[in-house]
Amino acid sequence: MSDGKAIRSTDAIKTIESMMNIVTAHTDIGISLGQVIVDGKSNVIPKARKLIELIDIKGTIIISDAMHCQRETAETIINIKGDDVLQLKSNQWNFYQDVYLMFESKYMSESSYEDEYEIFTTIEKSHGRIETRTCYSLNNLEYFEG
């Protein structure tokens with residue numbers, strides 16, 4: 001799912017007061033599954049949840065950026081039988097600290113981690129720099145329940 005995008009030149013159309021913003025759900029190869037317009041006074045996050053509800057995502061994995069790392073968004077996806085991969089950044093400080101401390105104390109100190117989590121790393125040149133992304137997939141989420 002993409003974050004809100006402004007549609008170029010829509011502010012030049014006389015019947016539109018400002019640039020039109022949309023949220024798009026698309027496949028990993030770029031096929032658009034749906035779009036919703038984000039009102040000028042609205043927030044992208046609730047519109048993205050509405051879009052998720054409109055699309056049949058049962059059994060699929062929804063990947064979104066850190067803006068959508070929200071409890072309500074995760075609940076929306078889970079309630080309609082989807083799975084999610086939500087990015088977490090330090091701008092959600094309390095949650096970020098909880099996850100960081102869990103990894104630091106429970107997982108990162110263990111030499112044998114295969115039963116606890118899996119590590120996936122990609123390295124690519126993008127935007128003029130080399131980007132390394134590491135994903136830890138936890139096998140047990142009891143730490144976050146409650």
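**Charged pairs, core and pocket**

Modeller: In this predicted model, Arg 129 forms a salt bridge with Glu 131, and the closest N and O atoms of the pair are 3.2 Å apart.

Colleague: Is Glu 131 buried or exposed?

Modeller: A residue counts as buried when its relative accessible area is under 20%. The relative accessible area of Glu 131 is 11%, and therefore Glu 131 is buried.

Colleague: Which helix holds Glu 72, the partner of Arg 49?

Modeller: The side chains of Arg 49 and Glu 72 meet in a salt bridge, with 3.7 Å from N to O. The pair links distant parts of the chain, 23 residues apart, with Arg 49 in helix H1 and Glu 72 in helix H2.

Colleague: Which element supplies the largest share of the largest nonpolar core?

Modeller: That core has twelve residues, among them Val 23, Val 36 and Leu 51. Strand E2, strand E3 and helix H1 each supply at least two of its residues. The largest share, four residues, comes from H1.

Colleague: Which element gives the most to the lining of the largest pocket?

Modeller: The largest pocket holds about 1800 Å³ of space, and 34 residues line it, with Phe 95 and Val 99 among those nearest its centre. The element that gives the most to this lining, with seven residues, is H3.

Conventions:
Residues are numbered from 1 along each chain as its sequence is written. This is a predicted model: local features need pLDDT of at least 70, side-chain atom pairs count only at pLDDT 80 or more; totals for chains, interfaces and linings use all residues. Side-chain values use heavy atoms; hydrogens and water are left out. A nonpolar core is a set of buried Ala, Val, Leu, Ile, Met, Phe, Trp, Tyr and Cys residues joined through side-chain atoms within 4.5 Å. Buried means under 20% relative accessible area, exposed over 50%, partly exposed in between (1.4 Å probe, protein chains only). On a 1 Å grid over the protein atoms alone, a cavity is a set of points where a 1.4 Å probe fits but cannot get out, and a pocket is an open set with protein on both sides within 12 Å along at least five of seven lines; lining residues have an atom within 4 Å of a point. Grid points are joined across faces, edges and corners, and a volume is the space filled by probe spheres set on the points. A salt bridge is a side-chain nitrogen of Lys or Arg within 4 Å of a carboxyl oxygen of Asp or Glu.
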